Amino acid sequence: MRWSLCWAGPRRRSSSISSSNAAKEDTDPPTSNPEFLALRCYATTYFSIVVAFALLAGLGLQLLFGLFLWRAGEFSSLDEVVARQFDNAAIYGSAIHEDGFEYKLELAAAAKPAIIALGSSRVLQFRQSDFSEKFINAGRGMITPAEGLDFMRALTVHHKPKIVIIGADFWWFNPNWPYPRRQPRNTSLDLATLNLAESWLWQGKISLPDLWRVAVLGDVRNQLTWHDNIGIAAIKRGNGYRPDGSRDYGLRYSGGDATFDDQAFANTLARIEVGEAQFKYAGRASAERFRQLDLLLEFITSAGITPIVVLPPLSRHVLDAMAARGPDYGYFSDIAKYADELKTEAYDFTEPESLGAGDCEFVDGFHGGEVIYQRITANIVAMNPNSALAPYVDPESLNRAIQQGKGHALSQASAGNYTLAESDFLRIGCHKGS
Amino acid sequence: MLFNSPEFAFFFIPIVLTAYWFALKTKQTNICVYILVVASLVFYGYWHLEYLVLFLLSMSGNYLISKQIFGVRASRAKGWLLVGIVFNMSLLGYFKYAIFLVENTALALGKSWSIEPILLPLAISFFTFQQIAYLVDCHKGEVAPPPIPKYLLFVSFFPQLIAGPIVHHYQMLPQFEDLARKRDRLFTFVMGATFFFAGLFKKVVLADSMAAFVDPVFDGAAAGATVLMLEAWIAAFAFGFQIYFDFSGYSDMAIGLALLFGIYLPLNFNSPYKATCIIDFWRRWHMTLSHFLRDHLYIPLGGNRVGGERKLLNVMVVMLLGGLWHGAGWGFVLWGGLHGAYLVGNHLWRGLAPGWSLPPYLGGIATFIAVMIAWVPFRAETWQTTQTIWWAMAGLSGLDDGGASWFGFAYNPLWLGNPGLALLLLILLSAFVWLLPNTQDWLPYAGKKTKSQPWAWRPTTYWAAFNAISAVIALVFMLGRPETQEFLYFQF
């Protein structure tokens, strides 16, 4: 029998093992004993297959993960990415690159917009549909004002927009927040990248069918939008940049993003509790950090571009938690004073109530949703009819969109792109019925 | 060092096994014992060197006390036994329960007492119970203190040190006399590897995969978020499977590792989710702890002999203390109390309606669901979390969140990614635990003869291939996961 090569017939004694066998004689097993031979054959086969399959599985998986990343578009050049976005309205969401600076520069240089929004992820919800002229969202094109200066210097070589909306983050001015260093875009398919992809499988971020679908079939769409997608985050979670550079949070809105961890603002509140990441404590703001923003604003103005500074809102839950810590966030009052004294257009919307927004319109503790950013645009032109932005905004249609989207993170226009409706993904008791 | 960590599998075990097999050549049992003692102390000290000092203190103290118990007259031996119990319970009480006691006393008295956080030494509950049982048996004259190295090995033997099975001296000490034997060496080695990889498969493939359906729901509930009915049930069941495969996987790995050194450990699980009533469940779940509680708590309290209400009270006391043994928290007490109540209900049923029992499948389903409900406080860290999950299971938090339709429910799978996948996995795992034989049914162990069953292991190429591929899958999962997942029972 082929499958029983090791089995040489019935045993002469029980195969069971037990400490009660201890009384039996202790001798070397005879090499002619069929039971011993079968066992030796079993052991040899067993350990040989373990070693062989382990090697095969290791090599095969590496090959599969490499193909998966490549066909997902993770190694496309940025000009290829931008071209595909313009041609197919593709979403770009890389899971391996932190390439905000290079990508947004490529996008803005190619699109040649009249208006850009520049800042961190906290400006990413400004959309083309809110403006009447070409708009590009360059959110995450800068992490610090110094990087913003680099971005604008590089952009103005190719193109000069008319207006730059700068979303200023409170942590920029915190002397205890270390300026992160920008990492160059990694385009090499090395072992560390393959291991990263492998780790997603074990973390449940991707599944074996995902691997098969993308690596073998080359299918990069998802059931959320049926859009063309570039990058794993876009393919798997619908999470990435739209052709206008704005951020699409994809599955998060419908509650299907298993990687989302800010339900009831738990993650943000935990950062405040211990004073970490963007929520480090500081009694006073740093004058040097203010100066760096001044330098950026000076450069923009000297290039003939109008800067508009906005302090984006935080959720009420989060603001209350910060206020409860008293002097730990004392530096906020310095920021308010600084914004008030700026000579350029500047708007402080830190309090969501100043926009008429509630926590249900946030995507997490410190990122407002699309409707909040529509409110920001509408408020700017309502508060200041002479704003440089006024000629590019239709207040009537914007207010209509705000009314339709009230209480939601997604605007109604964007919601139409999804096959799943927005839910109470923050789990704070929001009623999201249309 | 975790059994499922690369440093254990690829460095620690190969080194210890090589040293041990060289020692076997010398036919010197003592050298084998020394190697295993040193390996066990390295294994324990790898986590925290401070733990090792306390562990050595505990073992030395108990050994000296056992010498006293054995060497004096019966009247004085009892005093030494008392000293031993106080010594062990003081260590356990201080390191495991001090904060809990101080906080709750302060709460009850309306005071603001607090003490500095105390580092909980690993496995303290296990080695404390093991040594108390040893002292009790010394007092009964059932065991004489062995030579120091063998005592150290009895308490510290690394395969079972951290999370059991809880062993008695009579199960271990006689085996240490016979370590250098040649008989069945290949067979125990092969079985050891097979048990180990079966356990590793349960842990890294089955148990760890459940975490994705458990942690987000319990963490979300702890953060104050709303939990919906379906996800609460999925999370509770997923945790029931997670802890079973985690702990029974650990036990299989422990048994397998011990077999690599030719040592047999007692079995700890016997398909508990196949239990047809809650009494049956406790004969199948964490059997070595159940035996310990029965022998050293339930029987001294009077056990079945006292009958009636007193017996039921004893059951409840044992289960409450069993719950507390798992951890210093009210969640564990509640879990123990619930199981106590289940057991009392089961005994009352038997007493009031003798001969009238549910069909096995109905009893099995009822037991399974009751056990799953009771796992909620065991997993939740606060009463608020338990309440949120239980309320959600009862449908009091709503059936849907107004999102997209999913099988007719307006439900969005907030926590679970894909509830369909979660349900499919739970159905597969239910089939796994209800329909498949368990490890000891499948492999010949502890005197069981399994040859007649079609699924019984035999030394054939077919089984070699099947087991090898399972082992490779387990290894791929083990190496692939970015972080080694700790065993759930390590916290106890």
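Buried here means under 20% relative accessible area, exposed means over 50%, and partly exposed is in between, using a 1.4 Å probe and protein chains only. Helices (H or I, at least four residues) and strands (E, at least two) are DSSP runs, numbered from the N terminus.

Quick housekeeping before I go on. This is a predicted model, so local features need pLDDT of at least 70 and side-chain atom pairs count only at pLDDT 80 or more, while totals for chains, interfaces and linings use all residues. Residues are numbered from 1 along each chain as its sequence is written, chains are lettered from A and ligands numbered from 1 in the order in which they are written, and side-chain values use heavy atoms, with hydrogens and water left out.

Now its neighbours. Two strands pair if DSSP finds at least two bridges between them. Strand β2 of chain A, residues 115-119, pairs with β4(A) in the parallel sense over four bridges, and there A:A117 has A:I165 as its bridge partner. β8(A) also pairs with β4(A) in the parallel sense, over five bridges, with A:V164 standing opposite A:P307 of β8(A).

Next up, helix α11 of chain A, residues 331-341. Which of its residues are buried? They are A:Y331, A:F332, A:D334, A:I335, A:Y338 and A:A339. These cover an arc of only 155 degrees around the axis, which puts them on the same side of α11(A); the arc is that of the directions from the helix axis to the C-beta atoms. The face turned away from that buried side carries the exposed residues A:K337, A:D340 and A:E341. And the cover over the buried residues of α11(A) includes α9 (287-302), β8 (306-311), α10 (316-323) and β9 of chain A.

On to cysteines. A disulfide is a covalent bond between the sulfur atoms of two cysteines; the cut-off used here is sulfur atoms within 2.5 Å.

Over in chain B, B:C32 is buried at 0% relative accessibility, and B:C138 is buried at 2%.

Last, the big picture for chain A. It has 14 helices and 11 strands, and of its 434 residues 55% count as buried. Contact means heavy atoms within 4.5 Å; among contacts in chain A between residues at least 6 apart in sequence, 75% join residues at least 24 apart.
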